[in-house]
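Here are a few friendly notes to read next to the coordinates. Please have a look at the model first.

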Amino acid sequence: MIMKKTNDLFQSYELLVDKAEAAFQEMQKEHGSCIKCEPHCSDCCHAVFGLFLIEAGYLKEHFDKLGLKRKKRLS
């Protein structure tokens, strides 16, 4: 039962992420010259942003599914 609730939470989280991604894409289209992000940029990673519990759980859930070789490369 707990797994079902977790899956429901993650599914809701994924919908929220999709909406956020659509909003960011729209911003990029309208204000692209103001956005300085590039692939592998980590500027946001150094900004003052928190990590919500749902995000941490979602990341852990998917990280745990990776193979050992890939986990070592990411750590």
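Which pattern does the protein follow, read along the sequence?

1. The pattern is α-α-α, with 3 helices and 0 strands in the protein. Helices (H or I, at least four residues) and strands (E, at least two) are DSSP runs, numbered from the N terminus.

2. A word on conventions: this is a predicted model, in which local features need pLDDT of at least 70, side-chain atom pairs count only at pLDDT 80 or more, and totals for chains, interfaces and linings use all residues. Residues are numbered from 1 along each chain as its sequence is written, and side-chain values use heavy atoms, with hydrogens and water left out.

3. On confidence, the average pLDDT (the predictor's confidence in each residue, from 0 to 100) is 85, and 89% of the residues score at least 70. Helix 1 (residues 2-31) has the lowest mean, 88, while helix 2 (residues 53-64) has the highest, 92.

4. Aromatic rings pair if their centres lie within 6.5 Å (Phe, Tyr and the six-membered ring of Trp; planes under 30 degrees apart are stacked, over 60 edge-to-face, the rest tilted). The count comes to 2 aromatic pairs. Phe-10 and Tyr-58 are edge-to-face because their ring centres are 5.3 Å apart and their planes stand at 85°. This pair links distant parts of the chain, with Phe-10 in helix 1 and Tyr-58 in helix 2, 48 residues apart. Together with Tyr-13, Phe-10 and Tyr-58 form one aromatic cluster.

5. Phe-10 and Tyr-58 are both buried (under 20% relative accessible area; exposed is over 50%, partly exposed in between; 1.4 Å probe, protein chains only). Of the protein's 75 residues, 4% count as buried.
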